[in-house]
Amino acid sequence: VAAIRRHGADTTVSSLADRPRDDLLAEWAAAVPRAYWRVWLGGSLCRLKRVDAVPGVRTIEEAEAVIGRLASDGGQAMEARLALWSRKRPWVACCSPAGLTESLMSFADKHRINVQSIRPWWSSVSAGRTAGVACCDGESISSWSTDEKARVLKCSTLLVEQDRQAQALQRMRVSESLRAYRLNLQVPVARGKAGFSVTSLDEDADAAAS
Amino acid sequence: MPMPPPVDLRFELRPRRPSRALRAALLLMLLVTVGLFANWLVPQWRLYRQGEAEGAGISVVQSVASEAASAPARDATAVLDDRLHEAEQCVKGSATLHRFTYDAAERSASMHITLGEPEALNVLMDCLEANTTGTERWTLLSYEAVDRAAADGGAQRSSRIVLSSSPHSKR
C-alpha cells in the first residue's frame with residue numbers, strides 16, 4: 001500500500017499489488033511538479049534491529065555495513081541505518097531492503113522532487129512517556145522498550161498480517177507492558193502537520209500525531 | 001505528555017551529506033583559494049594594462065611615477081627596465097640581454113648584454129644617453145670581446161659588456 005497526502009487535501013491510498021511502485025509515484029509527481037516530499041516507510045521496509053556493539057568497528061558507516069550483513073538473512077540483501085552510534089553501547093538500527101533509498105532518491109532526481117526526509121512512519125508518532133511502544137501497520141508491528149533515560153533496551157519488527165496482529169500483540173504483552181498504536185491512513189491529520197494519525201489500541205482513542 | 005520516539009530511533013534514511021562543520025571548512029578553503037588567486041591575478045592584470053598602455057604610446061614613466069611614493073625601489077627598477085627596453089630597440093637584432101639587476105640600497109643598476117656586432121656598442125650607449133631623463137647616468141663597467149667559431153669555419157666576434165646606471169644625485 002502507498003499513500004500520499006498534501007497539505008489541506010485528503011489522503012490518497014493506492015495498492016501496489018497490481019502496479020509498479022514507480023508508476024504510481026510518477027503519477028503523483030506529475031500532479032504536483034517540483035514538490036517537496038517527506039517519504040514515510042512502512043514497518044516492513046524499515047525493520048528495527050538491536051545488535052551488541054562489535055569491537056574494532058571505527059566508523060558509523062562500518063557499523064552500518066556490519067549490521068546490514070547481519071540482517072541480510074534468507075538471501076534478501078539489507079542495508080542498515082543508525083540514528084546514533086557508540087563504540088560501546090548496543091546499536092539500534094533500521095534495516096531496509098538494499099537499494100531502496102537509492103532508488104527513491106534517483107526517482108526524485110529524475111522527477112525533480114526535493115526529498116526532505118525518508119523515515120519510518122512511526123517516527124511521526126508521539127507516544128506518552130511510557131516504557132514500551134508498539135506501532136502496527138498493515139504488514140508489521142514495530143516495538144521498542146526504553147529505560148528511564150529513554151535508551152532503547154529492546155526493539156524488533158515483527159512481520160505479521162493485519163488479521164493476526166491482535167493475537168501477536170497479545171503475546172507480546174505477556175512479557176512486557178506495551179502501549180500500542182495502529183496507523184490510520186483514513187483519518188486526516190491537522191493541516192500543516194507532517195505525519196499520520198494513529199489509533200490507540202489500548203483505549204481505542206486517537207493518540208497524538210506530530 | 002506526548003513524546004517523540006527516543007533519539008536512538010530517530011532514523012533518517014536519506015543519503016548522508018557532509019556535516020555543517022565539513023561544509024563550513026570546505027567553504028573556508030574555497031574562500032582562501034579565491035583570495036589567493038585574486039591576490040595573484042590583480043598584479044597580473046595591472047601588468048597587462050601597463051603593457052597595453054605602453055603599446056598605446058602612454059609613458060610608462062608617468063604611470064610608474066604615480067605610484068612612486070608607495071614603492072620607490074620598484075619604480076626605479078621599472079624606469080631602468082624601460083630604459084633598457086628602449087636601448088634594446090636601438091640595437092635590435094644584435095643584442096642579447098643576459099642579466100639585469102637593480103640594487104635598491106645602492107640605487108644602481110647593471111646590465112649584462114652581448115652585442116652581436118662590436119659597433120653596436122656606440123649605438124647602444126648613444127641610445128641610452130639620448131633617452132636619459134636626467135635622473136640616471138649609464139657607465140660602461142667592462143667590455144670583453146668574445147670570439148666564437150662560425151659556421152663557415154672562421155671566427156665570429158661579439159662583445160660582452162656590463163653597464164651600470166646610477167642616479168645623478170649620487171655623484
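Author: Let us begin with one pair across the two chains of this predicted model. The side chains of B:Arg16 and A:Glu64 meet in a salt bridge, with 2.5 Å from N to O.

Reader: What makes the pair B:Arg16 and A:Glu64 a salt bridge?

Author: The criterion asks for a side-chain nitrogen of Lys or Arg within 4 Å of a carboxyl oxygen of Asp or Glu. B:Arg16 and A:Glu64 are at 2.5 Å, N to O, and therefore the pair is counted as a salt bridge. The count between chain A and chain B is three salt bridges.

Reader: Which elements of chain A give two or more residues to the side that touches chain B?

Author: They are α2 (60-71), β5 (78-82), β6 (91-97), α3 (100-110), β7 (114-120) and β9 (140-146) of chain A. The most comes from β7(A), with six residues. By class, this side of chain A has 21 nonpolar, eight polar and seven charged residues.

Reader: Why is the pair A:Arg81 and A:Glu64 also called a salt bridge?

Author: The closest N and O atoms of A:Arg81 and A:Glu64 are 3.6 Å apart. The limit is 4 Å, so the pair qualifies. It links distant parts of the chain: A:Arg81 lies in strand β5 of chain A and A:Glu64 in helix α2 of chain A, 17 residues apart. Over all chains, the whole structure has eight salt bridges.

Reader: How large is the area buried between chain A and chain B?

Author: About 2,200 Å² is buried between the two chains, and carbon and sulfur atoms give 60% of this area. In contact are 36 residues of chain A and 16 residues of chain B.

Reader: What makes B:Leu27, B:Leu30, B:Leu31 and B:Val34 a patch?

Author: Nonpolar side chains are joined within 5 Å, provided that each residue has over 30% relative accessible area and no salt bridge. These four form a nonpolar patch on the surface, together with about 400 Å² of accessible area. One of them, B:Leu30, is found in helix α1 (residues 20-55) of chain B.

Technical notes:
Residues are numbered from 1 along each chain as its sequence is written. Chains are lettered from A and ligands numbered from 1 in the order in which they are written. This is a predicted model: local features need pLDDT of at least 70, side-chain atom pairs count only at pLDDT 80 or more; totals for chains, interfaces and linings use all residues. Side-chain values use heavy atoms; hydrogens and water are left out. Contact means heavy atoms within 4.5 Å. Buried area is the accessible area (1.4 Å probe) that two parts lose on being put together, summed over both. Helices (H or I, at least four residues) and strands (E, at least two) are DSSP runs, numbered from the N terminus. Ala, Val, Leu, Ile, Met, Phe, Trp, Tyr, Cys and Pro count as nonpolar, Asp, Glu, Lys and Arg as charged, and the others, Gly among them, as polar. Patches are made of residues with over 30% relative accessible area and no salt bridge: like charges are joined within 9 Å, nonpolar side chains (Val, Leu, Ile, Met, Phe, Trp, Tyr) within 5 Å. Accessible areas come from the Shrake-Rupley method with a 1.4 Å probe; for residues, only the protein chains shown count as cover.
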